[in-house]
Amino acid sequence: MSRSRARPRRCRRWRGGQVDLLFDNLPGSLAQIRDGSRVRGIAVTSLQRDPAVPDLPTFAEAGLPGFDVTAWFALYAPRGTPEPVVRALIDAARAGLKAPELGRQFAAMGAQPGTLFGADLGAFEQRERDKWGKLVKQRGIAAK
């Protein structure tokens with residue numbers, strides 16, 4: 001497994017056969033996984049199979065039940081932004097993420113548009129902080 005923090009170097013080593021195993025975001029690896037000549041996808045880290053690589057099992061299907069690690073991104077407005085402005089931003093983001101062309105672009109790179117906004121996004125973020133905070137404490141992990 002590569003311990004390199006720099007993604008480009010890590011991926012070069014992976015594609016060059018110098019690394020046996022790499023966890024990477026699907027959009028960054030999809031072309032190599034689909035090509036199949038130098039690397040092989042083993043499993044996806046989400047709870048459901050990914051439509052971009054439907055033949056790859058989940059880690060749960062591969063024998064690690066409960067394994068759920070996904071990358072996600074969110075849009076934020078500054079604290080104190082008036083509620084009507086926040087609502088307009090959320091509505092615009094929802095409409096944009098439903099656009100067929102954007103959906104095709106997301107799918108082509110192995111990504112899926114998000115569906116959480118406002119309080120739902122906040123609740124998801126809190127669950128993520130709780131989950132990873134618990135793991136950090138249990139394992140005694142400290143920043144270097």
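Residues are numbered from 1 along each chain as its sequence is written, and side-chain values use heavy atoms, with hydrogens and water left out. Since the model is predicted, local features need pLDDT of at least 70 and side-chain atom pairs count only at pLDDT 80 or more, while totals for chains, interfaces and linings use all residues.

Helix α5 is a handy place to start. Helices here are DSSP runs (H or I, at least four residues; strands are E, at least two), numbered from the N terminus. Within α5, the residues L121, F124, E125 and E128 are buried, where buried means under 20% relative accessible area, exposed over 50% and partly exposed in between (1.4 Å probe, protein chains only). Looking down the axis of α5, these buried residues sit within an arc of 100 degrees, so they line one face of the helix. That arc is taken from the directions from the helix axis to the C-beta atoms. On the face turned away from the buried side, α5 carries the exposed residues A119, K134, K137 and Q138. Just past the end of α5, G140 takes a positive phi of about 65 degrees.

Next come the rings. A search of the whole structure turns up 3 aromatic pairs. One of them joins W72 and F124 edge-to-face, at 5.1 Å centre to centre and with 75 degrees between the planes. This pair links distant parts of the chain, as W72 lies in the loop between α2 (26–35) and α3 (83–98) and F124 in helix α5 (residues 118–139), 52 residues apart. For a pair, the ring centres of Phe, Tyr or Trp (its six-membered ring) must lie within 6.5 Å; planes under 30 degrees apart are stacked, over 60 edge-to-face and the rest tilted. W72 is partly exposed at 32% relative accessible area, whereas F124, at 17%, counts as buried. Elsewhere, ring pairs tie F23, F59 and F67 into a cluster.

Together with L21 and I42, F23 makes a nonpolar surface patch of about 260 Å². Patches take residues with over 30% relative accessible area and no salt bridge, joining like charges within 9 Å and nonpolar side chains (Val, Leu, Ile, Met, Phe, Trp, Tyr) within 5 Å. Areas come from the Shrake-Rupley method with a 1.4 Å probe, and for residues only the protein chains shown count as cover.

Finally, the charges. Side chains of opposite charge can pair when their charged atoms come close. The structure holds 4 salt bridges, each a side-chain nitrogen of Lys or Arg within 4 Å of a carboxyl oxygen of Asp or Glu. Among them is E61 with R49, whose closest N and O atoms are 2.9 Å apart. E61 and R49 both lie in the loop between α2 and α3, so the bridge ties together parts 12 residues apart in sequence. In helix α3, R87 and D91 sit 4 residues apart, about one turn, and their closest N and O atoms are 3.8 Å apart. R104 and E101 form another bridge, at 3.0 Å.
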